Amino acid sequence: MIRTVPTKPYSDQKPGTSGLRKKVPVFQQEHYAENFIQSIFDALDGFKGKTLVIGGDGRFYNREVIQKAIAMAAANGFGKVMVGQGGILSTPAASHVIRKYKTFGGIILSASHNPGGPHEDFGIKYNAGNGGPAPEKLTDATFEKTRAISSFKIADIDPIDIDTTGTVKAAGMTVEIIDPVADYAELMESLFDFDALRKLFKSGFRMRFDAMHAVTGPYAKEILENRLGAPIGTCRNFKPLPDFGGHHPDPNLVHAKHLYDEMMGPDAPDFGAASDGDGDRNLIIGKGIFVTPSDSVAMLAANARLAPGYKGGLKGIARSMPTSGAADRVAEKLGIALYETPTGWKFFGNLLDADMATICGEESAGTGSNHVREKDGLWAVLLWLNILAARGESCKQIVAEHWATYGRNYYSRHDYEEVESDRATALVDELRAKLGALPGASVRGMTIASADDFAYHDPVDGSISEHQGIRVLFEGGSRVVFRLSGTGTSGATLRVYIERYESDKSRHDLDTQAALADLIAAADDIAGIHSHTGRAEPSVIT
Ligand code: VG1
Ligand code: CO
């Protein structure tokens, strides 16, 4: 029943910021998915007889790869797989299932916020037994295996019916099809004051949740409408579709503009939110106010005690380096540690496992806590709701009060997408070469205090990760950060992160791009964005 199939290595299977992401036709090449899955198994040790979780975000090609992964898990000696019904498991739900059932690890099929469909993106990532994304050591080892692979193992079995919950046997392995929502919903119920939230909705509080035809639909329907009594219709675009209805399931101000417009309109609901392809990101928009992800993590941390799951306080806060310093001020006030990590959730795992950080966040709309080992879109939405219910104030009031207390970190990210790879590399190389000369230089009337290529020293295991983004810090605390994306699938994406702190309360209502105009111009002066990329404008501003 078990076959060993000869194969040839592909040279391009290096995992990026979050797993391996490629266009569907790339994944459809002969043995492409099999090679990568086998390489994951080959990089792991000691899973014989153990359990593997398998699920995905429902995008095009999900079902096919789930069948391959099941047959390969059986052939490689796993004792059991737990598969989300319909092939569905959001990234945070998969993390929870891994942790709750103490499984060996999990395979999540997703390209997250990237578009889906026959010519769009697909992805595969592995999460370890702590529920978190494979650490760099493991992704590096997987990549090494992909370069030398000569065969993979697969069981000859009929396709498993993944649409019916229950347990079957396949090639000696147990296959359990699980309800993808139940465990996760129960976890949320244990963290938040569901009675208070039910009261909130009963009192007429209106909310809009946009699942963007991606994985959070079934989770949001169950939690918000069924369990919390939010009116039917609160959740929109809640049916997961293989092509996300032709849209980018990226909850930002470009791809969720309809939600933004609604929330700024005259008849706006009280609270609006959206999540991405695999359910780990969140977009938060109050009536008449967009909350930047960097601000959101700071505000959630400052108010977390209001939710039952965090009433004992926080151990520490961790944020990715490009994320604004808003959370730093909260940590300082709470008297707890603040950790600055490279981009990507895998770097938070050790801090969470060691109980050094409780809440983590990234500027890219990722927020989460120690309840799982991934960022968690619906969790952030529920924590916001819990805070709104406990404080009895509007989102706008909470934001204004936060800025009045801590000051405001004006913040924006400019993305230059699908730049020719050579040109993007040239920009970064040139910038790196002149880092030593930047301190002391004056640009647009601002003096550069320091400049470096960020390297992270993990305080838990001592590992070092270099070249994690170039940061230029100005006197007074403003900064610009440059890095290349590790999740794109065509060309290179240059990300420029711009931040300025404003303590003066009378200047907290400026337009963000206007407030950052000098720094935006300085970023171009320093890095030659326009001349290198040929682009006069970013493709996406968030
Ligand atoms: C982006 C974000 C990063 C996030 C990653 C995965 O990575 O910047 O903060 O962790 O996506 O998010 P990059 O390398 O493209 O900048 V998800 O929701 O796409 O898994
Ligand atoms: Co995601």
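**Figure 1. Composition of the shell around ligand 1 in the predicted model.** The residues of this shell comprise 10 polar, 10 charged and no nonpolar members. In total, 20 residues surround ligand 1. T17, S112, H113, T487 and R495 are the closest of them. The space that ligand 1 takes up is the largest cavity.

**Figure 2. Side-chain contacts to oxygen atoms of ligand 1, including that of S112.** A polar atom in the S112 side chain is placed 2.6 Å from a ligand oxygen. For S364, a polar side-chain atom likewise lies 2.6 Å from an oxygen atom of ligand 1. In the side chain of R21, an N or O atom is 3.0 Å from an oxygen atom of the ligand.

**Figure 3. The aromatic pair F41 and F78.** The structure contains 15 aromatic pairs. In the pair of F41 and F78, the ring centres are 5.3 Å apart and the planes meet at 55°, so the arrangement is tilted. F41 belongs to helix α2 (residues 32-43), whereas F78 is in the loop between α3 (62-76) and β4 (80-88); the pair therefore ties together parts 37 residues apart in sequence. F41 and F78 are both buried.

**Figure 4. The aromatic pair F78 and F104.** F78 also pairs with F104 in an edge-to-face arrangement, with 6.3 Å from centre to centre and 70° between the planes. Because F78 lies in the loop between α3 and β4 and F104 in the loop between α4 (91-100) and β5 (105-109), this pair ties together parts 26 residues apart in sequence. Both F78 and F104 are buried.

**Figure 5. A cluster of aromatic residues.** Y10, F27, Y32, Y61 and F122 are linked into this cluster by ring pairs.

How values were computed: Residues numbered from 1 in each chain as written. Chains lettered and ligands numbered in written order. Predicted model: local features only at pLDDT ≥ 70, side-chain atom pairs only at ≥ 80, totals over all residues. Heavy atoms only, no water. Near = heavy atom within 4 Å. Polar contact = N/O pair within 3.5 Å; in protein donor to acceptor, adjacent residues only side chain to side chain. 1 Å grid on protein atoms, 1.4 Å probe; cavity = no way out; pocket = protein on both sides within 12 Å on 5 of 7 lines; lining within 4 Å. Sits in = over half its atoms within 2 Å of the grid points. Nonpolar A, V, L, I, M, F, W, Y, C, P; charged D, E, K, R; others polar. Phe/Tyr/Trp six-rings, centres within 6.5 Å; stacked < 30°, edge-to-face > 60°. Helix = DSSP H or I, 4+ residues; strand = E, 2+ residues; numbered from the N terminus. Buried < 20%, exposed > 50% of the residue type's maximum accessible area, 1.4 Å probe, protein only.
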